[in-house]
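Me: I am new to this structure. Please take one part and look at it closely, then show me what surrounds that part.

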Amino acid sequence: MTQREDVSNSLSLKVVGYNIHSCVGNDGLYSLERISSVVGRLDADIVCLQEVEANNLLPGRPSLTRIWSRCHCDDQAASIANLSGFEYHVFVPAIKSLVVGKLQERHANVSRCDVSGNHDDPDWVEEQEGETKASGTDLDSLMGRFGIALLSKHPIVKLRIHTFQRYKKKTLRNAIACLIRLPDGTLIWVANTHLGCHFSGREQCQQARELAAFVSSLEQDNETRGVVVCGDFNSPPWFRSMKVLRDSGMCDMFESPAAAASSGSRYGGTFPSSCRLLGVPTCFERLLRLDYIFLHHSGRRIVCKRVHVDDGANSCVASDHLPLIAVFSL
């Protein structure tokens with residue numbers, strides 16, 4: 001087979017990482033439809049979302065989960081998946097949360113029964129048997145769930161979860177990995193995470209070490225092409241957390257040959273998405289690279305063809321982050 005024939009027969013996979021800021025835009029408006037419109041327009045195979053809420057334990061009773069959010073009773077991951085055309089999704093909360101006063105939240109731990117979605121992992125279903133959700137009279141039922149989600153147009157056949165060790169008194173964070181079966185039977189792991197936000201980067205560094213071990217632990221065989229890792233890492237490129245991940249065998253797609261070949265992809269800043277609405281000088285717009293897509297070294301049969309930051313219609317308003325897109329050839 002010639003190289004041209006090999007390229008023409010290869011499978012293309014578009015992966016998106018997107019912090020949706022609880023569906024609250026830079027204009028202060030809460031809109032599931034606007035976020036779903038952005039996600040749908042990107043026409044991706046897999047979308048990794050951060051800052052996702054589910055306030056649907058008591059239907060019809062809105063609650064306020066995070067101080068920056070708005071009152072609602074939505075299961076955001078399920079709604080976005082439905083509105084933007086994704087058959088499969090998983091939502092894995094890191095915490096339960098309820099705003100109880102001005103700038104004050106009450107948090108509670110989550111359990112496996114707080115995980116929701118539509119996937120095909122029989123082991124996960126079996127392990128959940130016997131667990132029950134809190135009753136409607138419990139305070140936990142008044143709390144929203146807050147975490148990360150993965151949407152996929154292809155079957156999710158395995159789900160793995162890692163909860164990071166708490167850094168001092170900071171909010172708990174987590175990571176997930178989903179094994180996706182592509183149309184030709186190829187399997188690929190896609191991981192999603194949202195690291196903590198510590199000004200010195202110490203929290204992110206601790207979590208990066210755990211994330212590297214988690215990714216390396218994902219079982220692989222001859223049918224598995226490797227691991228793609230997405231997320232909001234709350235780390236500019238010079239933070240120690242980024243060096244930890246690079247040293248563990250993860251390649252930042254904006255440091256790959258694909259980035260050099262992609263128009264407008266020199267830096268990849270995703271935050272803040274817009275300065276016009278935030279009221280800060282435009283020189284700060286997209287100042288920080290906080291969102292990344294990595295390819296683990298085990299993915300030797302995956303090639304990144306394109307990588308870029310989306311600033312299309314509504315993206316600069318829908319969230320305080322911009323979506324990050326990578327297209328792979330398998």
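Reply: Thr 65 counts as buried, because its relative accessibility is 0%, and buried means under 20%. Keep in mind that this is a predicted model. Thr 65 sits in the loop between β2 and α3. Its side chain makes a polar contact of 2.6 Å with the side chain of Asn 55. Beyond its neighbours within four places in sequence, Thr 65 touches Glu 53, Asn 55, Ser 97, Leu 98, Val 99, Glu 105, Gly 144 and Phe 146.

Now take the elements on either side of that loop. Both β2 (46-54) and α3 (76-84) pack against the buried residues of helix α2. Those residues also pack against β1 (12-19), β6 (144-152), α9 (315-318) and β14 (324-329). Helix α2 covers residues 32-42. Its buried residues are Leu 32, Arg 34, Ile 35, Ser 36, Val 38, Val 39 and Leu 42. At the start of α2, a side-chain oxygen of Ser 31 comes to within 2.9 Å of the backbone nitrogen of Arg 34. After α2 comes Asp 43, with a positive phi near 50°.

Next, the salt bridges. The structure holds ten. One of them joins the side chains of Lys 96 and Asp 114, at 3.7 Å from N to O. Lys 96 belongs to strand β3 (residues 88-101), while Asp 114 lies in the loop between β4 (104-108) and β5 (116-118), 18 residues apart. Lys 96 is buried at 7% relative accessibility. Asp 114 is buried too, at 3%.

Another salt bridge joins Asp 121 and Arg 160, at 3.6 Å from N to O. Asp 121 is in the loop between β5 and α4 (122-128), and Arg 160 is in strand β7, 39 residues apart. Asp 121 is buried, with a relative accessible area of 2%. Arg 160 is partly exposed at 26%.

Methods: Residues numbered from 1 in each chain as written. Predicted model: local features only at pLDDT ≥ 70, side-chain atom pairs only at ≥ 80, totals over all residues. Heavy atoms only, no water. Buried < 20%, exposed > 50% of the residue type's maximum accessible area, 1.4 Å probe, protein only. Helix = DSSP H or I, 4+ residues; strand = E, 2+ residues; numbered from the N terminus. Contact = heavy atoms within 4.5 Å. Polar contact = N/O pair within 3.5 Å; in protein donor to acceptor, adjacent residues only side chain to side chain. Salt bridge = Lys/Arg side-chain N within 4 Å of Asp/Glu carboxyl O.
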